Amino acid sequence: QVQLVESGGGLVQAGGSLRLSCAASGRTFNSMGWFRQAPGKERQFVAIINWSIGNTYYADSVKGRFTISRDNAKNTVYLQMNRLKPEDTAVYYCAARAGGSSWSVREYDYWGQGTQVTVSS
């Protein structure tokens with residue numbers, strides 16, 4: 001059974017940092033990423049990483065502030081979020097797929113349960 005288990009969300013003041021973790025079990029994936037969904041908005045791409053090569057891709061809104069990384073031995077992907085802004089407030093979802101890197105929500109086969117990130121001003 002495939003599972004993606006996220007952790008690390010919480011409440012932080014603007015300018016602060018959080019690190020999200022997503023532990024995958026049940027199989028390995030070629031691409032894993034983070035998406036987020038704010039109230040009343042569509043789920044949107046944040047960052048993705050190619051598991052074997054390590055290439056990373058970021059949404060323009062988080063480039064330079066967020067860093068995605070992986071630990072192959074733990075089958076875990078991380079999202080280090082620095083200089084957080086109130087507009088980063090959302091539920092953050094980990095996602096995984098067998099295929100290559102994709103920005104599209106529709107192309108991800110597996111999703112975590114989501115973790116809330118709230119940034120106060």
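Arg 43 lies over the face of Trp 111, at 4.8 Å from the ring centre; a charge counts as over a ring if NZ of Lys or CZ of Arg is within 6 Å of the ring centre and within 35 degrees of the ring normal. The charged end of Arg 43 also sits over the ring of Tyr 93, 3.6 Å from its centre. This is a predicted model, in which local features need pLDDT of at least 70 and side-chain atom pairs count only at pLDDT 80 or more, while totals for chains, interfaces and linings use all residues. Residues are numbered from 1 along each chain as its sequence is written, and side-chain values use heavy atoms, with hydrogens and water left out.

**Aromatic rings**

- Rings of Phe, Tyr and Trp (its six-membered ring) pair if their centres lie within 6.5 Å; planes under 30 degrees apart count as stacked, over 60 as edge-to-face and the rest as tilted.
- The count by this rule is eight aromatic pairs.
- One of the pairs joins Phe 35 and Tyr 108, edge-to-face, with 5.1 Å centre to centre and 70 degrees between the planes.
- Phe 35 belongs to strand S4 (residues 31-37) and Tyr 108 to the loop between strand S9 (90-97) and strand S10 (110-111), so the pair ties together parts 73 residues apart in sequence.
- Both Phe 35 and Tyr 108 are buried (under 20% relative accessible area, with a 1.4 Å probe and protein chains only).
- Phe 35, Phe 45, Tyr 57, Tyr 93, Trp 103, Tyr 108 and Trp 111 are linked by ring pairs into a cluster.

**Overall fold and dimensions**

- The protein chain has zero helices and eleven strands, taken as DSSP runs numbered from the N terminus (helices H or I, at least four residues; strands E, at least two).
- With a radius of gyration of 13 Å, close to the 14 Å that the globule rule gives for 121 residues, the protein chain is as compact as a globular protein of that length; the radius is taken over C-alpha atoms, and the rule is 2.2 Å times the number of residues to the power 0.38.
- The C-alpha atoms fill a box of roughly 40 × 30 × 25 Å along the principal axes.
- Of the 121 residues, 42% count as buried.
- Among contacts (heavy atoms within 4.5 Å) with a separation of 6 or more, residues 24 or more positions apart account for 57%.

**Asn 75**

- Asn 75 is found in the loop between strand S7 (66-71) and strand S8 (76-81).
- Asn 75 is buried, at a relative accessible area of 14%.
- Neighbours within four places in sequence aside, Asn 75 is in contact with Cys 22, Ala 23, Ala 24, Ser 25, Arg 27, Thr 28 and Trp 51.

Methods: Buried < 20%, exposed > 50% of the residue type's maximum accessible area, 1.4 Å probe, protein only.
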